[in-house]
Amino acid sequence: MKSYDVIVIGAGHNGLIVASKLAASGRRVLLLEAGDTYGGMARSEVLFEGFQAPELASNAGGISKDVVQDLGLNKYDLLFNEDGIKTVGLNIENESVIFGSNFGKSIEGIRKEEFKRWKELREKFFNQSHLFQSLASQIPVGSNHKTVRSKANLFLTAAKLRLQGKEQFQELLRMITMCIADLVEEELETSSLKGLISFDSTLGIKLGPRSPTSYLGLLYKLSQIKASYQEKSLSINGGVTSFINALFKSAEENGVDFVFKGKVSSLIISDSVATGVKLENGAEYSAKTIVSSISPVNTFLDLVGAQNLETDLTRRIRALRYSGNTSKLNIILEEIPKLHNSQNLDANYRYVYAPSLDSVESNFNSLKYNELPSDPNFEMYFSKISSESSLNGAVMASICIQNTPYSLKGDWKNSKEVLMNKVISTIQKWAPEFKKGILFTSLLLPHETEKKYCVAGGHWHHSELQIDSLYSLRPTFGVSDYSTPIDGLFICGAGTHPGGNLFGLSGLNAAKRILRESTK
Amino acid sequence: MTQLKEKKDRDTTFSKPLFRSPFYDFFAAQETEGHWYDWNGYKSPTILSDEELEYFSIRSTCSVFDITPLNKYRIVGSQAEEFLNKLTVRNVAKQNVATVKYTLWCDQEGFVIDDGTLFRISDNDFRLCSQEKHLPWLIDTSHGFDVEIIDESKHVCGISLQGPTSASLLRLLGVNGIDNLKPFHLFQTKISNIPIMISRTGFTGDLGYEIFMKNNVANKFIERVWNAGTNHGITAIGYNALNMARIEAGFIVANIDFISSDHAIRPNRCRRPDDLGLGWLVDLNKGFFNGKKAILNSKLEDSEAFKIYALEIDGKEPAEGSVIYYNKKDEVGTVTSAIWSPMAKKSIALAQLKLGSSKSKMENLWVEIYSLKELQYHKLMKKVSIVKPPFINLARRSACPPSNC
């Protein structure tokens, strides 16, 4: 049996970060990946005629500045959008609102007084997001982790919030569990602006804008913008791939060994100590430290097995809400489609179809009852396909469809087509040439994501990012500090604090925790 | 039809409707006192005719007690043993087929959830009997094991025959093999063609048997036993008599002598097996089980917890509910169960005490008893000595074959 200091399971971005960082400390690290390439849910897949692109992660959000600095990623070619990404709130009847980068620093298409109110509201939102921002890079204080340093960090965070003044602090306490609908309706009147903010607060989370605590989704998003590398988003054209490639190169340079098509079937555990892993193909590797970047549900129930865990913990893990609620539609078009007013689409924009708050809420209502939304909301990015490809001049539209049920009432057989057509006909209304130019479509539903990417429920965040599963409750009480009841086993995936998108702090925090805890 | 049946099975004289065990009609016919209580949702007797006579039937003839209200879980499947090894603290791999073991199960903090008896009927077939209801816990624990948990509480009923003449009564009833049945062993047999499972177990510290059967044969069975037992002094008993016998035997009861961890609201009320004097049940050398890590860790620290002790108290007053003092002034705990023991001829008690690690405190313990005598309290301060349970030790309990009397 081949032996390493550390085995990392899953070559998603968090797995790559942990592997690279631990290898940099001189440990011999093996990274095991079930798929045939690295990147996890951000990996590139061949989509059409040899053309490769990330099938799932189109969301060109930011990446943590701590990750970039810690791993020295800026020496690789990370692609960012220098001017930020503007969002067009699609509105078929009226003129579309154009939401400036940095979450609406400027907005075109609304009245002056409205913008003034928005400016104040936005400032308040960003102020309050500081709570998440400062907690994100901390190892949560929990039952196993109560060091003086972690407690002091928590205290300082609370003190900083309080020092913003009594009024602001009270305002935070008033707002923090509110729904985003009440907050925007208190202040704003432009329907598509309210729709856009509601959409951004709830994308990827099983909440509607009128659900209590949906404001937290927005705070979470804003905290990531603030803590992103130079407050910039990854480029729409290849940004995600540049990040994943940089992580891979960094891991490779630090001496990480990779095994692809190496799906782990179980951990080797004796007397609550993990000593190695067993692969589906029969191979075995041993290591003193094993780090799982896959979903906590898969880690605990499949790899560790309920037999090796307290009933209290398996109860909590099984009670996690981890059914995905977003699907991904990829469309390859001959060329950038023209708008109905015969202007060209700007490929550097993000397009969101969420015409009103009510539309987002009624979409969520359908999800609640496992039905397809009648008028689905979505976000869309266009990326140009590079000239080296045979598809020269073509573009890919990456579309995230919000509120797609994991288990649909009835079956998916015909509904898949229905969902796809609904989205396409919405775009069609506003870009009449769209349908004509379609070369290729593929729709990946949550249960298909589950199977293809080996993630329980097919959830982007591995488990819901909601108030009862954040910080020391993420993924659940007792395992929130990246360690587990199995000695030698750590977790570092999106299911751990702070989780979320391509941010990468889960991996970095876990690596720091492991470095602090264990010797080689 | 179902409605009619419901009505017959339930008794509505209590604030909530209570179930009636299949033996209810039999016990109700023996009853002259009318003391009933709610045991696990069943209308059960506290006293049927005379508490003392009932107690003495346990110790000198043969008593009949209805154990139907116990929760009975059937655990069947190819991984039943592995599942039970995760659930309980004892090593089930070491439990032979056709035996019964007293056992405990704990939560992740190593705190005792409940105790019970585990019957190994065959390799992959077990019955777990417990005081409290645990179906959700059993089902949640079974995740990942090939095992089926069946709550047979409402389908299987049971009778406990306890006392020196119980073995001869069963012999008279034609139960072959009663002579070879060792304590904590079981076998399946028939009495007048009624299929039963009989085990040499009980809650009295005496010679005795527990017999389980299907509900539909209950009446026929009890009639047969009752008629055969006339010359053996057979007596139907209620809970009070049994309680006296179990205190003498030094057995503890969940939520009387300790608070089950899933009932406890205050965190310092939870108890580990060691605190209950049952540390010997825990097999730390077997594989993983619920609470193992916490129990191991607790052994490393100096325990400040309350522990259960068996006490003998000077004088004749039973000390139920009394406070125990060190040096007559510092409170160290409370009595959870106490009686005047007719067999030991002593005032005996089970108590939870916080004595810390110093042994010296044990020598200077006192109990403050408020004894009500003709409407006036007499406050007594009596010397307490810690003893090793049981308070009585009867040779007939384990004699094999049991004597013919």
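Entry 1: I started at Ala19(A), which touches Val8(A), Val29(A), Leu31(A), Ala251(A) and Val256(A), leaving out residues up to four places away in sequence. For me, two residues are in contact if their C-beta atoms, placed from the backbone, lie within 7 Å.

A note on the source: this is a predicted model, where local features need pLDDT of at least 70 and side-chain atom pairs count only at pLDDT 80 or more, while totals for chains, interfaces and linings use all residues. Residues are numbered from 1 along each chain as its sequence is written, and chains are lettered from A and ligands numbered from 1 in the order in which they are written.

**Entry 2: the cores.** I then looked up the largest nonpolar core, which has 146 residues; Ile7(A), Ala19(A), Val29(A) and Val291(A) have the most contacts inside it. Another core, of 107 residues, lies apart from it, and Leu128(B), Ala218(B), Ile324(B) and Leu350(B) are among its members. Such a core is a set of buried Ala, Val, Leu, Ile, Met, Phe, Trp, Tyr and Cys residues joined through C-beta atoms within 7 Å. I call a residue buried if 20 or more other C-beta atoms lie within 10 Å of its own, exposed if 12 or fewer, and partly exposed in between.

**Entry 3: chain A overall.** I found 17 helices and 17 strands in chain A; helices (H or I, at least four residues) and strands (E, at least two) are DSSP runs, numbered from the N terminus. Of the 520 residues in chain A, 53% are buried. Its C-alpha trace spans about 65 × 60 × 50 Å along the principal axes.

**Entry 4: helix 9 of chain A.** How many of its 12 residues are buried? I get 11, so to speak a mostly covered helix. Among the buried ones are Leu193(A), Lys194(A), Ile197(A), Phe199(A) and Asp200(A). After the helix comes Gly204(A), with a positive phi near 85°.

**Entry 5: where the chains meet.** I see 13 residues of chain B in contact with 13 residues of chain A. On the chain B side, helix 4 (80-87) and helix 5 (135-141) each supply at least two residues, and helix 5 gives the largest share, 3 residues.

**Entry 6: domains of chain B.** The domain assignment, automatic or from a database, gives domain 1 (2-70 + 154-237) and domain 2 (306-388). Their centres, taken over C-alpha atoms, are 33 Å apart.
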